[in-house]
Amino acid sequence: MSSRTEIATLGEFGLIRHLTEDIKLKNESTLKGIGDDAAVLDYQDKLTLVTTDLLLEGVHFDLTYVPLKHLGYKSAVVNFSDIYAMNGFPRQITVSIGLSKRFSVEDMEELYSGIRLACDVYGVDLVGGDTSASLTGLSISITCIGEGEKGKVVYRNGAHETDLICVSGDLGAAYMGLQLLEREKRVFQGEKDFTPDFSGKEYLLERQLKPEARKDIIEKLRKANVLPTAMMDISDGLSSELLHISKESHVGCRVYEDRIPIDYQTAVMAEQFNMNLVTAALNGGEDYELLFTVPLTDHEKVSEMEGIKIIGHITKAELGNFLVGRDGGEVELKAQGWNSLN
Ligand SMILES: [Mg+2]
């Protein structure tokens, strides 16, 4: 970027005003957004859902390969994903940022352009937040507020024996995208004139850098009159999330290796990295797909839905949690999580 304006030229209030002054409110539930001591929301007879997420530079993101606009977009979207995972709709967010002197007004404009794009795409109002100088790096904390209908909010604890286990989209691509970026970063650090070659791998990068939340799946299920018995979003890997549902619902599960949805590019990349593809899909994380269970009576409805795959079924708790391999052999599911894969 050519010009650089120091944050100090605007000051804290000036910066917030600069980044948010032209925001137009979209939701009826937002009575007052930015501009007073607190936002005012009116959810009338709806349930209010609240989720929050803290992202720290060097721990959750690496600015050597993540553009600030993408970071802003992703920070907002991962929160929306948690609200959809409750079968709700996100309506408002607050954004709090800590930033060191390294960052300029233009940098914050980039970050906010990503956050605001996500808000426009998903119909969410930015209603407040805070900024503060920090000694090192960038930290972003976003709180999202959403609405759910009474009796329609879906928790992790409602899965029953014989329920079908479903996932949206495909798994493991975001993790492969991260591996790819990490590899190019290592190569880049050793060379002067380096242009990374990502051709043919765009999908993996997009899944890592610009994930989407599955609003469409929530709308589809609603339209088809399917109410999941349990649901969550897949942020730490399918394995780990399945175990959460089993534990909270006091059940067990069987999922089938050959039913796990994996994109072609993910498979190619796993082969290049000499990694086990199923391990990557089970433990990769950051997929932001939905994992949910439905009663057996909804089998026909969900099997006809595009973008949803039935990967297994719920069992009695005593039967444990297992992946059934292509050869029929069973492997116990472990909560490996994506962090331990690095
Ligand atoms: Mg979640």
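Contact here means heavy atoms within 4.5 Å. In this predicted model, helix α3 (residues 105–122) lies across β4, β5 and β6. These strands belong to an open sheet of four strands, ordered β3-β6-β4-β5. One strand of that sheet, β5, also contributes to the lining of the second largest pocket.

**The sheet**

- Strands β4 (residues 89–99) and β6 (residues 138–148) run antiparallel and are joined by 10 bridges.
- Phe89 has Glu147 of β6 standing opposite.

**The helix across the sheet**

- Helix α3 runs at about 170 degrees to β4.

**The second largest pocket**

- The space in the second largest pocket amounts to about 460 Å³.
- Its lining is made up of 23 residues, and those that lie nearest the centre are Ile16, Ile34, Gly35, Asp36 and Gly128.
- Two or more lining residues come from each of the elements α1 (11–20) and β5.
- Strand β5 supplies the largest share of the lining of the second largest pocket, with six residues.
- By class, the lining of this pocket comprises 11 nonpolar, six polar and six charged residues.

Notes
Residues are numbered from 1 along each chain as its sequence is written. This is a predicted model: local features need pLDDT of at least 70, side-chain atom pairs count only at pLDDT 80 or more; totals for chains, interfaces and linings use all residues. Side-chain values use heavy atoms; hydrogens and water are left out. Two strands pair if DSSP finds at least two bridges between them. Axes are lines fitted to C-alpha atoms, for helices over the stretch in contact, and angles run from 0 to 180 degrees between N-to-C directions. On a 1 Å grid over the protein atoms alone, a cavity is a set of points where a 1.4 Å probe fits but cannot get out, and a pocket is an open set with protein on both sides within 12 Å along at least five of seven lines; lining residues have an atom within 4 Å of a point. Grid points are joined across faces, edges and corners, and a volume is the space filled by probe spheres set on the points. Ala, Val, Leu, Ile, Met, Phe, Trp, Tyr, Cys and Pro count as nonpolar, Asp, Glu, Lys and Arg as charged, and the others, Gly among them, as polar.
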